[in-house]
Amino acid sequence: MNFREVQVEILGSFAINFLTSWARISADLKGSVDNSVIAFVHAFSTMAFIALFYPTARCHFTPLLSLTDMIFKNFEIKNCALLILSQFVGALASTALLSLTLSSAQITELAEKSTLGFAHINPVYFNSINGFWAELLLASLLAFIQLRYSGKPRGSRNWVEFYAVIRASVLLFAGLACEGMSGLALNPFPVMTGALLSTDVLQNQWVYVLAPVIGISIGGMLVHRKAVSDFLKVVT
């Protein structure tokens, strides 16, 4: 892994989180966009970065995929940690920049509605347990897609475009299904960094950390069914 990959991870995480969070803040404060717009912004900004930089960079933009590659594709721990740190830096920078554009009254209002405009569990429509199961299911799906379709392009630019589209499709589905209830799923860093800069530090944060970890394990087992079957035979 080289320095360019780290740069792409920081830049991609910053841009995707900034655009998506700006859309969510606009929805929370002004009602100027709806949940489908937020889902499309997240999906298509991710697709654009993958199309531009993959496969010369891994283009994870979420620790979920970095951990998936480390557990199931022998991605080195130190490289995984470096990418996850880069994702956190990008998310934190985007959160800080957005915070500077808001007044204290707007931040107070957002803290009451969400985590500074970032992903959150909406108690009116959802509870944390249901949010956990939704997050787990979507994380399993994204990990499955990552293991099934990522890797070196198979001979042409078309494979890169296909991978970008299928990743974006999963994120779009996640956003359309869950944005109004639990925020965009599959990345804990926008939630965590938003919480650090607001008064909502602990509420429901566990959902966005625990569920993806379990989800990637399930997604990996779906891809590597034979390995799981062999393991079960040994232990039983």
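A salt bridge is a side-chain nitrogen of Lys or Arg within 4 Å of a carboxyl oxygen of Asp or Glu. Two salt bridges turn up in a search of the whole structure. The model is predicted, so local features need pLDDT of at least 70 and side-chain atom pairs count only at pLDDT 80 or more, while totals for chains, interfaces and linings use all residues. Residues are numbered from 1 along each chain as its sequence is written, and side-chain values use heavy atoms, with hydrogens and water left out.

**Salt bridges**

- Arg58 pairs with Asp69, and their closest N and O atoms are 3.3 Å apart.
- Arg58 lies in the loop between helix 2 and helix 3 and Asp69 in helix 3, so this pair ties together parts that are 11 residues apart in sequence. Helices here are DSSP runs of H or I with at least four residues, numbered from the N terminus.
- Asp69 is buried, with a relative accessible area of 2%, whereas Arg58 is partly exposed at 31%. Buried means under 20% relative accessible area, exposed over 50%, and partly exposed in between (1.4 Å probe, protein chains only).
- Glu76 and Lys78 form a salt bridge at 4.0 Å, N to O. Glu76 is partly exposed at 44%, and Lys78 is exposed at 62%.

**Nonpolar core**

- The largest nonpolar core has 34 residues, of which Ile50, Cys59, Phe61, Leu64 and Leu186 touch the most other members. Such a core is a set of buried Ala, Val, Leu, Ile, Met, Phe, Trp, Tyr and Cys residues joined through side-chain atoms within 4.5 Å.
- At least two residues of this core come from each of helix 1 (3-29), helix 2 (35-53), helix 3 (63-72), helix 6 (128-149) and helix 7 (157-182).
- Helix 7 gives the most, with 11 residues.
- Not counting residues up to four places away in sequence, Cys59 touches Val8, Glu9, Phe49, Ile50, Phe53, Tyr54 and Arg167; contact means heavy atoms within 4.5 Å.

**Largest pocket**

- The lining of the largest pocket has 17 residues, and Tyr54, Arg58, Asp69, Lys73 and Gly151 lie nearest its centre.
- A pocket is an open set of points on a 1 Å grid over the protein atoms alone, where a 1.4 Å probe fits, with protein on both sides within 12 Å along at least five of seven lines; lining residues have an atom within 4 Å of a point.

**Ser26**

- Ser26 is found in helix 1 and is buried, with a relative accessible area of 8%.
- Leaving aside neighbours within four places in sequence, Ser26 is in contact with Gly31, Ser32 and Val33.
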